[in-house]
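This report covers strand pairing, helices, loops, core and chain contact. The sequence and structure come before the discussion.

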Amino acid sequence: MVPLNWYIILSAVMFSIGMFGFLSRRNLVIMFICLELMLNAVNVSLVAFSHYLQSINGQILVFFVITVAAAEAAIGLAIIIAYYKNNPTIKVDEINILKG
Amino acid sequence: MLKYILIPLLPLLSFIINILFGRNYIKNRAHWIAVPAILGSFVLAVSACIEVLNGKVIDINVYSWIVSGSFNVSVGILIDQLTAVMLMVVTSIGSLIFIYSVGYMHGDKGYYRFFAYLSLFIFSMLTLVMANNFLIMYLGWEAVGLCSYFLIGFWFHKKSAGDAGKKAFIVNRFGDFGFGLGVILIFLTFGSLNYMEVFGAAGGIVGQTITLLGYKVDLITLICLLLFCGAMGKSAQFPFHVWLPDAMEGPTPVSALIHAATMVTAGVFMVARCNTLFSYSQTAMNTVAIVGGFTAIFAATIALVQNDIKRVIAYSTVSQLGYMFLALGVGAYSAGVFHLYTHAFFKALLFLGSGSVIHALHHAKQDDEQNMQVMGGLKKHMPITYWVFILATLSITGIPFLSGFFSKDEILWQTFQAGDLGKFLWFLGALAALLTAFYSWRLIYLTFHGEYRGDTECESRIHESPLVITIPLMLLAVGAVAAGWVGIPPVFLEHGDKIGYFLAPVLGHPEGHGTHAQEYFVIASSIFVAIAGWVIAYIMYIKNPGLPEKLFSAFRPVHKVLFNKYYIDEFYDKTIVQPVLKASDKIILAFDVNVIEGVVNGVPSLIGVFSKGLRKIQTGLLSNYAAVMAIGVLCVVGYMFFMR
């Protein structure tokens, strides 16, 4: 039996890696993957707590998160491709046309 | 109930259809909508009048318009004896003028627009006369003013027409301001605007005073004077008469319908409607009588020397309106309304006749087509127009047994009986009748008799107007002769004064205390002045055509003052128009440039200054936004961890 702590630590580590990657990397696709990592870190902790509390609510929420993540991935990648067709770059440093 | 509502709504419908679809679809077929609409109103008005004749008074609230605390206004209809007379005048004369306009305005670029405005005018006028409270009347009152503005400036490409429209609107504004205040004061005093409630409660406020600028003023007198102020503006009484002669810039059917037969009588109608209020205030009554009597003679003197055919008739209208107010002022309300009714026929006829002359001269390509000095000898070219003109002139000058004789005589007789002031005003009125006879016959002689004084080449092209113009003229001529037969004074015919008895429930019946001998004297003197004016005009313009010139040079200063209308326009220009223009020039410089433009330009530049600093944080870099978000989340988490 794996104690709850371990799951939480795993989740926290995954989230931190994802967040660090999102903030430090400049490649849009990498940032996107980091975003997915953060979402999955949350999923891990949700499932762990769901099991620990013997409640189904957490797992239901996980399905929603997975659905949203899938939709978001589809739209996000589509936007990246569409952008790349117009401006051949996916470096966020160079994507700054909204600069004030 | 629907049939009463339809009386004003049919013309409104015609207005809406013509104004929406006129330019692109209806074009020169506009009369196929407007004429049936007004004829429909006329038929419905006749049926309503028959009900009133049978003793029914229609007073219904159609719809609750404003409900705010104790302030309660309905859109309501009141058709009593007074409204019935007005309905007949407006719809019958309106119908004839609509038909006349089909011929007169034929081929005009704004044909559909003309009929649209004319329909809107009829709607407004019917609203005004059919209202059962002061606010709806005020609505109609303002709307007829607006239509008048549209129609005077109908040929807006002419600067003079545009200016005349503005002048009419602005001068009326002065009067309407008083009327508006009067309506507000009525509400403050009585807590209601409904006629029946106000007139019913009027007796209770006699003798009450209010303090105005430190003076104690009799409340009911103040109300009446404010209302009368509006009437003076709308009915072109001195000193607000200046707009009416200029209003002749509009097409002639407009002059006939609005500036002679209907709209300008709105003031007379309003005072007659409020007769209960006026009767309680002798001061207000005297003011009405004096203003009316003075205007009657004042306008008649100006008409003596004018050369523009329509202007002569316009001043004649001002003068006749003066008569009506004179009658109202001495308490002879039904005589005033009777004169309103007969005047509508013969004055509309005079205007439409002059329109027929102008139309003929215009098509003969004569320059200066309204100037009587270039006319003359038109009798043989336009026999129908000539004869209807003669009938109208006989009627207006008060030749016995025509409409004008009965109504004018009734006014003079009632005035004569009204004390010392009445005797003086009667003298003014009789003098004005002399002048009326003179200038009316002068108009006939200059226009139709003698030799044509314009281009001989043009003369060959002059011919009688088409049937669509002459038939309304002939129908109006019947009215000009016979309309007065409902008001034959008792000395001629027992129970002859039918209209007086008909109106008595609303307007009361003045009790005369003059003797029959006095009445015969008044009648004889008005016949005498009518014939004297005719004879003088005959001597001056037929027997001795050189005489007017000699007289003019002998009395050069008098002629100059009269010809320039007593310099009233110049006086207003110097004392009101120019100072206001100069002051507003200064205000524009000081206020508009500094304050308005300062605010308008200042607000955006202030926002610009702030945003210059704020926009720096919008770097456009995704990483920066993410970092800020992460810091934000950390702060929230930290707060939850450590602060709670």
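In chain B, strand β1 (residues 58-68) and strand β2 (residues 71-79) run antiparallel and are joined by 9 bridges. Strands pair if DSSP finds at least two bridges between them. Tyr63(B) has Val75(B) in β2(B) as its bridge partner. The hairpin of β1(B) and β2(B) has 2 residues between the strands, and Gly69(B) takes a positive phi near 60 degrees there. In general, side chains in a regular strand alternate between the two faces of the sheet.

This is a predicted model, in which local features need pLDDT of at least 70 and side-chain atom pairs count only at pLDDT 80 or more, while totals for chains, interfaces and linings use all residues. Residues are numbered from 1 along each chain as its sequence is written, and chains are lettered from A and ligands numbered from 1 in the order in which they are written. The model scores ipTM 0.83 and pTM 0.79. Chain B averages a pLDDT (the predictor's confidence in each residue, from 0 to 100) of 88, and 100% of the residues score at least 70.

Chain B has 26 helices and 4 strands. Helices (H or I, at least four residues) and strands (E, at least two) are DSSP runs, numbered from the N terminus. The C-alpha trace of chain B spans about 115 × 65 × 50 Å along its principal axes. Of the 644 residues of this chain, 50% count as buried. A residue is buried if 20 or more other C-beta atoms lie within 10 Å of its own, exposed if 12 or fewer, and partly exposed in between, with C-beta atoms placed from the backbone. Two residues are in contact if their C-beta atoms, placed from the backbone, lie within 7 Å. Among contacts in chain B between residues at least 6 apart in sequence, 79% join residues at least 24 apart.

Helix α4 (residues 111-130) of chain B has 20 residues, which should span 28 Å at 1.5 Å a residue; its end C-alpha atoms are 29 Å apart, which agrees. The expected span is 1.5 Å times one less than the number of residues. Of the 20 residues of α4(B), 19 are buried, so the helix is largely enclosed by the rest of the structure.

The largest nonpolar core holds 209 residues, and those touching the most other members are Phe121(B), Val271(B), Val337(B), Ala348(B), Leu349(B), Ala392(B) and Ala480(B). Helix α15 (residues 333-363) of chain B gives the largest share of this core, 17 residues. A nonpolar core is a set of buried Ala, Val, Leu, Ile, Met, Phe, Trp, Tyr and Cys residues joined through C-beta atoms within 7 Å. Not counting residues up to four places away in sequence, Ala480(B) touches Phe345(B), Phe346(B), Leu349(B), Leu391(B), Ala392(B), Ser395(B), Leu402(B) and Ser403(B). A second, separate core of 5 residues includes Met19(A), Phe22(A), Leu28(A) and Met31(A).

| Residue | C-beta neighbours within 10 Å | Class |
|---|---|---|
| Ala236(B) | 29 | buried |
| His449(B) | 18 | partly exposed |
| Tyr567(B) | 12 | exposed |

Most residues other than glycine have a negative phi, and most peptide bonds are trans. Ala236(B), in the loop between α8 and α9 of chain B, has a positive phi of about 55 degrees although it is not a glycine. Pro239(B) lies in the loop between α8 (219-234) and α9 (243-246) of chain B, and a cis peptide bond with omega of about 5 degrees joins Phe238(B) to Pro239(B). Tyr567(B) sits in the loop between α24 (556-563) and α25 (568-614) of chain B, and its phi is positive, near 55 degrees.

His449(B) lies in the loop between α18 (419-448) and α19 (456-459) of chain B. Leaving aside neighbours within four places in sequence, His449(B) is in contact with Gly376(B), Gly377(B), Lys379(B) and Ile542(B). Leu304(B) is in the loop between α13 (282-303) and α14 (309-329) of chain B. With the neighbours within four places again left aside, Leu304(B) is in contact with Leu435(B), Phe438(B), Tyr439(B) and Leu562(B).

The contact between the chains takes 11 residues from chain A and 11 residues from chain B. On the chain A side, the residues divide into 7 nonpolar, 2 polar and 2 charged. Here Ala, Val, Leu, Ile, Met, Phe, Trp, Tyr, Cys and Pro count as nonpolar, Asp, Glu, Lys and Arg as charged, and the others, Gly among them, as polar.
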